[in-house]
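Subject: Two-chain model for you

Hi,

Here is the model I promised to pass on. My notes follow below it; please read them with the structure open.

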Amino acid sequence: MASRNDLRNPEPVPPASQLAVLPFLAAVEGFLRGPDPQMELRVTLHRAMNREGQEYLQQVCGYLGPERKEDRSGSGRMFPVNFGIMGAAFERSCILRTRHYPTKDELLAALREDMKRTGDTGDISKRRLSWLAIPFLGPEEQPVLVLFADTFEFDFFANHERTRAVVNMCWGFCRLIDALEEDPFPNLRNFAFQAGKKVKGVDTVYPTIQEEVREFPVPRFQRLRSFNYEASVS
Amino acid sequence: MTKRLKSEDDPLKRASSVETKFRIHKGVYLIGSLERGVTVYGQQVRAHNLVWALWELDKKEAKEVVDVAVVGGGIAGLTAAACTLGLFPNAKVAVFERSWDLCPLQQGCDSRWLHPRIYGWPEPGSRAPSASLPVLNWQEGRASDVADQILRRFAKYSEPHRAKGNLRLYLGVDHLRISAEKKDIEWIGRVGIPDGHFFRAGDAEGQSKKFDRIVLAMGFGMEAQHPDHPTPSYWRNEEYAQPALDGMTHSYVVSGYGDGALIDLCRLTIERFRQDRILDDLFGRDIEKTEAQLLPVCKEARTGKSIFDVLVATESKLLTDALRGLRGRIRKDTQAILHLSGKGAKKNTALPDVFGNTSSFMNRLLLYLLYRCGAFAPSFEPLDKVVREHSGPPESVICRYGPDTMAHVKRAFVDAANIQTALDNLRTAQSQQMRREWEPGCFPN
């Protein structure tokens, strides 16, 4: 019988697109990690991409994390636009993070309930404890990218100043990319996607432990409508 | 937590529909040979679609497929083989190539350009330089560069399968006879031996074997030759785009109006013509706006109607800058006659007759612009008469008529009569579209 796989193999992301985000993500990861080289932390970006008129979220590059500085295995994976916390950030055009709990046990109790509600049958002991998703909006309010980060550290993104700093870094990234849209490098161009019909699965964001963050303005591109940088001869 | 991406429609139904579009006999499939508008990218998409569809259907039927033959070691054949190896871990794949090397058309071809989707222009995304394919992906470049990318990726992709003995390659296959009824192939060829990123021909071997599945990725055969004016294949290197060094003006006759002929016309008439840059050269920073406005014209073009009158009507709104730019780049060292009378029963008598869907929209637009620049003289006379009056050397007559694909496919079969109806139906239906039908994420890579 033909083998079954989980349909989570990557579809290609142009190397130029990956390279355009990796230094930024390395900076975010470095900031979040601080001096702790052993901390379990992952950071990546997803983009809205159109494939034959259908819109998905696609992981732009591998995770920036502790074991390997850049693990390419995740690059190119495609997800429904409402997948997990990043999908919620995409659909609501809003920053989401794991809310503050007084103790780790209280968080785990809430997480257990959330896993039941979302049909997540995974092992809770292997679940990370803090998540963050930050959408980057385009000029017509459409989500273009979503930054995703998670860690085993408890109460990590509930820290307001930490999250604010990451949001500010995202704003800096938006300004840079907008400037490059205005005055691009030779032979490096953004071949924009059109908006497509959004492909949805079951909502899998944990409903209780994740909260919307409305205090910070959502990062926004003035010019960039979609993210698909490629090296080109013209 | 659901992890599976699901399109709104049922993948099984889609797979079933895809499978029928390729089937010419039970277990025997043909990729693209009888389709119009064929490109390297399109053939690869078809290969992905077919192999995915077979995989979906086999899963449902819990069917074990072991022996798979892929006839053709060009880009489509290698893609079909790699996709099969990826999705069917127990399959033993045999690839048969008539030439002495894989991707023989494109290897060493430095004067032709390959771009994944430019012939879909002005469709959104058509200028993106990457094919974005999960298996044997590539990026625009000279045909020789693209062949190199494909061959290196094929070697890497197939390496673990070769190590398990799941891939056999035959080169220099000068005898190959397929029985569609028996799903049997008899062949004589050289065993392909891995050599770094490539394969070389080893010892000769003759054999006959029954396969569970036969995938024909035979391409289109060699182009039909005019008996009096033989022309090297489109994929052979030539000098048409290079300025004359003797200071003289040279005249050429280009016969035909498919994409091959029109590209040669552009190379002969436009200074510094580069297929990869011409759209940016002509439309500059306005290209996206131009694309949006040309899209309805392109859609009309797909109906098969001549778009000549539509282009005339569009000129003042969209094409004036492009025309101005192109006028300044018409070559002074060449004169071109474009012979357009057509072959067979259909005889063309006027320029609008060749603006139907016998070429890509981009090339028809370039043809229109060149015509408005006075870059060539159209001729509808018999070719012999045109050539007599032209009186140039034999190599200045370029005939681009395309191959006889039906004969090419049938030649491989001992029982061609068994597949004739299916081939006729495929050619009429033109239904092997270049749309990516496979479920995203299904191909291991």
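In chain B, B:V40, B:Q43, B:Q44, B:A47, B:H48, B:L50, B:V51 and B:W55 of helix α2(B) meet B:I75, B:A76, B:T79, B:A80, B:C83, B:T84 and B:L87 of helix α3(B). Contact here means that two C-beta atoms, placed from the backbone, lie within 7 Å. By class, this contact has 10 nonpolar, 5 polar and no charged residues. The classes are simple: Ala, Val, Leu, Ile, Met, Phe, Trp, Tyr, Cys and Pro are nonpolar, Asp, Glu, Lys and Arg are charged, and the others, Gly among them, are polar.

Some ground rules before the rest. This is a predicted model, in which local features need pLDDT of at least 70, side-chain atom pairs count only at pLDDT 80 or more, and totals for chains, interfaces and linings use all residues. Residues are numbered from 1 along each chain as its sequence is written, while chains are lettered from A and ligands numbered from 1 in the order in which they are written. Helices (H or I, at least four residues) and strands (E, at least two) are DSSP runs, numbered from the N terminus.

**Helix pairs in chain B**

Back to the first pair. Helix α2 covers residues 40-61 of chain B and helix α3 covers residues 75-87. Their axes come within 9 Å and cross at roughly 30°. That makes α2(B) roughly parallel to α3(B). Axes are lines fitted to C-alpha atoms, for helices over the stretch in contact, and angles run from 0 to 180 degrees between N-to-C directions. Angles under 35 degrees count as roughly parallel, over 145 as roughly antiparallel, 65 to 115 as roughly perpendicular and the rest as oblique.

B:Q43 sits in helix α2 of chain B. B:Q43 is buried, with 26 other C-beta atoms within 10 Å. The cut-offs, again for C-beta atoms placed from the backbone: 20 or more others within 10 Å is buried, 12 or fewer is exposed, and in between is partly exposed. Leaving aside neighbours within four places in sequence, B:Q43 is in contact with B:I31, B:G32, B:V38, B:I75 and B:A76. B:Q43 and B:Q432 are 389 residues apart along the chain, yet their C-alpha atoms are separated by 9.3 Å.

Now a second pair. Helix α7 (residues 287-301) and helix α8 (residues 308-327) of chain B pack at an angle of about 175°, with their axes 12 Å apart. That makes α7(B) roughly antiparallel to α8(B). B:T290, B:Q293, B:L294, B:V297 and B:E300 in α7(B) meet B:V310, B:T314 and B:L318 in α8(B). This contact has 4 nonpolar, 3 polar and 1 charged residues.

**Backbone points to check**

Most residues other than glycine have a negative phi, and most peptide bonds are trans.

- B:W121 and B:P122 are joined by a cis peptide bond, with omega about 10°. B:P122 is in the loop between β5 (113-114) and β6 (141-142) of chain B.
- A:E141 is not a glycine but has a positive phi of about 75°. A:E141 lies in the loop between β5 (130-137) and β6 (143-151) of chain A. With 9 C-beta neighbours inside 10 Å, A:E141 counts as exposed.
- B:K183 also has a positive phi, about 50°, and is not a glycine. B:K183 lies in the loop between β7 (167-179) and β8 (184-195) of chain B. B:K183 is partly exposed, with 19 other C-beta atoms within 10 Å.

**The chains and their interface**

Chain A has 4 helices and 10 strands. Buried residues make up 44% of its 234 residues. Chain B has 12 helices and 14 strands. Of its 445 residues, 46% count as buried.

Where do the two chains touch? 37 residues of chain A are in contact with 38 residues of chain B. On the chain A side, β2 (54-59) and β3 (78-79) are the elements that give two or more residues. That side divides into 15 nonpolar, 13 polar and 9 charged residues.

Best wishes
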